[in-house]
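The sequence and the model are shown below.

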Amino acid sequence: MMASEMASSNFPWLTLAILVPIAFGLLVLALGRDDRPGLTRWLSLAGAVAGFLVTIPLYTGFDPSTAEMQFVERVSWIDTFAVFYHLGIDGISLWFVLLTAFVTIIVVVAGWEVITQRVAQYMAAFLILSGLMVGVFAALDGLLFYVFFEATLIPMYIIVGVWGGPNRVYAAFKFFLYTLLGSLLTLVAFIYLWHAAGGSFDIQTWHTLPLGMTAQVLIFLALLMAFAVKVPMWPVHTWLPDAHVEAPTGGSVVLAAIMLKLGAYGFLRFSLPIAPDASHSLAGLMIALSLIAVIYIGLVAIVQEDMKKLVAYSSVAHMGFVTLGFFIFNTAGVEGAIVQMISHGFVSGAMFLCIGVLYDRMHSRLIADYGGVVNTMPRFVTFFVLFSMANSGLPATSGFVGEFMVIMGAVEYNFWIGLLAATALIFGAAYSLWMVKRVAFGEIANEHVRQLQDINRREFAMLGVLALAVLYMGIHPKPFTDVMHVSVEALLQHVAISKL
């Protein structure tokens, strides 16, 4: 018996990956108090680390030579509608489970000294959110996926609405309403698919349904409403800058690093395999929307005066690469898009952490309030420059690998689409490096900057870990692509055969 099959049949690792952070979150809520924040923080860190440790066997026991689902768990849940608690991962979803658990540790460490009010509720919200997001990536039952997908809104809504900035209530409502309304049509599509599959919510069964073109187009558009908002794609991206600006640093990190990936993952697990003919038919629309995000939103990012807004708009542009890669239907494009998703988790998370470090000291995110930071915070600026370079796609950083693969795939698909996509490297360098120049370099701009203290050991550790991840993935991306390759090939073969 193979290692993956043994792990799959003998131990419920995926259930643990979901329940461990949720259980620790509930424990933190029960035991944590503001008059003893030390206990709350250490218990939260223990929960985040435990949540990550139980995902390690998923990687060590994973068999990259097969596209079959591994670590499968299947238990009857709602007998009346044949709903199952059905979990499993393949080479596409594995990395997102690991990334979610990894980022949760970073977020707990990031809020260690910064959050002083309602510490238990803050930490618990992130731990519970972590478990729910793992559930999204592991669900193989349509209704179970929908429950996890929608449940992630609740902790993030609370995080933005309670610990956010002055306009936090507006931003939280906008985030909640956009994503909730976008998902309602998806529920309708799921119910139709349940009926078409003879009363089954099994996602893999849905992949093999002989749907007509009209049904596929309608299902694709219904799914698009939810996934496009979550990515977010242009023009339904406007909730993201507001949410990022008002969210606390940890909220921005999780929102950019993981939650945006839920929508992109939905395209891979639902839209492409369930409606392959519609995916080919509507590919032109998806490519156009993606290129608008890459080019137009890149230009919008250049003129931003708020650092968080700039990085938020850059996230929209980078996720445009992801959706572009999906709909050019070749291996380089899809694998590059998935690599870009993982890289964006590291880089955007690190960028928001860097902005949080400055905000904790100056209580300002405006670029104009800074200048000459390198003179007082040289260690911080080293990380800031590295992550900004990665954000602009510098070779040998993770930001380059995914974008280069997508561009190569786009050139293979159509030279002019590849050329338009490549302009993102220019815009990325423009907005990232111009921000660094104005914030970090030059003479010290004011007394507040002169009094800044460089990063402490806690901040150095969290930024250092992310820097290692960015450089390792940029220099040696093969371990990442090897795991996903067979699953991506199987997906593309399924989509191509269905088209024939």
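Is Arg 379 buried, partly exposed or exposed? Arg 379 is partly exposed, with a relative accessible area of 41%, where buried means under 20%, exposed over 50% and partly exposed in between (1.4 Å probe, protein chains only).

## Basis of the model

This is a predicted model, in which local features need pLDDT of at least 70, side-chain atom pairs count only at pLDDT 80 or more, and totals for chains, interfaces and linings use all residues. Residues are numbered from 1 along each chain as its sequence is written, and side-chain values use heavy atoms, with hydrogens and water left out.

## Overall architecture

The protein chain has 23 helices and two strands; these are DSSP runs numbered from the N terminus, with helices (H or I) of at least four residues and strands (E) of at least two. The radius of gyration is 22 Å, close to the 23 Å given by the globule rule for 500 residues, so the chain is as compact as a globular protein of that length. That radius is taken over C-alpha atoms, and the rule is 2.2 Å times the number of residues to the power 0.38.

Along its principal axes, the C-alpha trace spans about 70 × 55 × 45 Å. Of the 500 residues, 62% are buried.

Helix H22 (residues 457-475) comprises 19 residues and reaches 26 Å from its first C-alpha to its last, close to the expected 27 Å; the expected span is 1.5 Å times one less than the number of residues. Asn 456 caps the N-terminal end of H22, with a side-chain oxygen 3.2 Å from the backbone nitrogen of Arg 458. The buried residues of H22 include Arg 458, Glu 459, Met 462 and Leu 466.

The structure holds seven salt bridges, each defined by a side-chain nitrogen of Lys or Arg within 4 Å of a carboxyl oxygen of Asp or Glu. One of them joins Glu 459 to Arg 361, with the closest N and O atoms 2.8 Å apart. Glu 459 lies in H22 and Arg 361 in helix H17 (residues 331-362), so the pair ties together parts that are 98 residues apart in sequence. Glu 459 is buried at 3% relative accessible area, whereas Arg 361 is partly exposed at 26%. Arg 361, Arg 458 and Glu 459 are linked in a network of salt bridges.

## Further salt bridges

Arg 379 and Asp 454 meet through their side chains in a salt bridge (3.8 Å, N to O). This pair links distant parts of the chain, 75 residues apart: Arg 379 is in helix H18 (residues 378-391), and Asp 454 is in the loop between helix H21 (447-450) and H22.

Lys 478 and Asp 482 form a salt bridge at 2.7 Å, N to O. Both residues lie in helix H23 (residues 478-499), four residues apart, about one turn of the helix. Asp 482 is partly exposed, at 35% relative accessible area.

## Aromatic contacts

There are 34 aromatic pairs; rings of Phe, Tyr and Trp (its six-membered ring) pair if their centres lie within 6.5 Å, and planes under 30 degrees apart count as stacked, over 60 as edge-to-face and the rest as tilted. The ring centres of Tyr 146 and Phe 190 are 6.3 Å apart and the planes stand at 70 degrees, so this pair is edge-to-face. Tyr 146 in helix H7 (residues 142-151) and Phe 190 in helix H9 (residues 168-196) are 44 residues apart, and both are buried.

Key. A polar contact is a pair of N or O atoms within 3.5 Å; within protein, one must be able to donate a hydrogen and the other to accept it, and residues adjacent in sequence count only if both atoms are side-chain atoms.
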